[in-house]
Amino acid sequence: MKLIYFYKIEQEDKNLIYSWRKKSNVIKFLCKKKIDKSSHQKWFNKKLRSINFSAWTIMYSKKKIGLIQIDSIRKKKICNAGYYIAYTRYSYLTYEVMNNLHNFIFNKLKFDRIESYISILNKNVRKLNKMSGYKELKKKNVDDEFLKTYLSKSMWKKSIAHNIFKKNGKI
């Protein structure tokens, strides 16, 4: 039984998502650390207008718990993707959210590759990324806070995470 769903963001989500983006457990892993009301409004409106690639709320048992974001990066069949779970009490769902996200990107949106950045401090998600088949590129500078990562559909299909996800009937 699937309990996690993604729903395209709606106008009514604007303030909720802004409050999530300001939470210390979320912002510490975001590339953009300062988010004010004005920049959030611009970001949110851009996501609302986007037809193909945008942002979705993560829904678990009829409760909005986080956000996924997927953007085309002007390379054929390659996207940038990220997610966060806004409430630490739902952090145990990270693995499930991640696998649903990969399934959504590769099987529904038909991308072949994900290129993203991850905070070097986000050790738990980096471990899950490794289980999912992600490769990390070396940091350019010692001071870099983020690593570039990538995952292809074929890498994901060979991963431990995909095999568990498939075995549990999620694909």
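This is a predicted model: local features need pLDDT of at least 70, side-chain atom pairs count only at pLDDT 80 or more; totals for chains, interfaces and linings use all residues.

**Strand pairing and a helix crossing**

Modeller: The strands concerned are β2, residues 55-60, and β3, residues 63-72. They run antiparallel, and six bridges join them. Two residues lie between β2 and β3, and the strands form a hairpin. Look at the turn: Ser61 has a positive phi of about 45° there.

Now follow β3 to its pairing with β4, residues 78-85. Here seven bridges join the strands, and β3 and β4 are antiparallel. Gln69 stands opposite Gly82 in β4. This hairpin has five residues between its strands. Arg74 takes a positive phi in the hairpin, near 60°. So β3 pairs with β2 through six bridges and with β4 through seven, since two strands pair if DSSP finds at least two bridges between them.

Next, the helices. Helix α4 covers residues 94-108, and helix α7 covers residues 160-167. Their axes come within 11 Å and cross at roughly 90°. That makes α4 roughly perpendicular to α7, because angles of 65 to 115 degrees count as such. On the α4 side, the contact involves Tyr95, Glu96, Asn99, Asn100 and Asn103. They meet Ala161, His162, Ile164 and Phe165 in α7. By class, the residues of this contact divide into four nonpolar, four polar and one charged.

Technical notes. Residues are numbered from 1 along each chain as its sequence is written. Side-chain values use heavy atoms; hydrogens and water are left out. Axes are lines fitted to C-alpha atoms, for helices over the stretch in contact, and angles run from 0 to 180 degrees between N-to-C directions. Helices (H or I, at least four residues) and strands (E, at least two) are DSSP runs, numbered from the N terminus. Angles under 35 degrees count as roughly parallel, over 145 as roughly antiparallel, 65 to 115 as roughly perpendicular and the rest as oblique. Contact means heavy atoms within 4.5 Å. Ala, Val, Leu, Ile, Met, Phe, Trp, Tyr, Cys and Pro count as nonpolar, Asp, Glu, Lys and Arg as charged, and the others, Gly among them, as polar.
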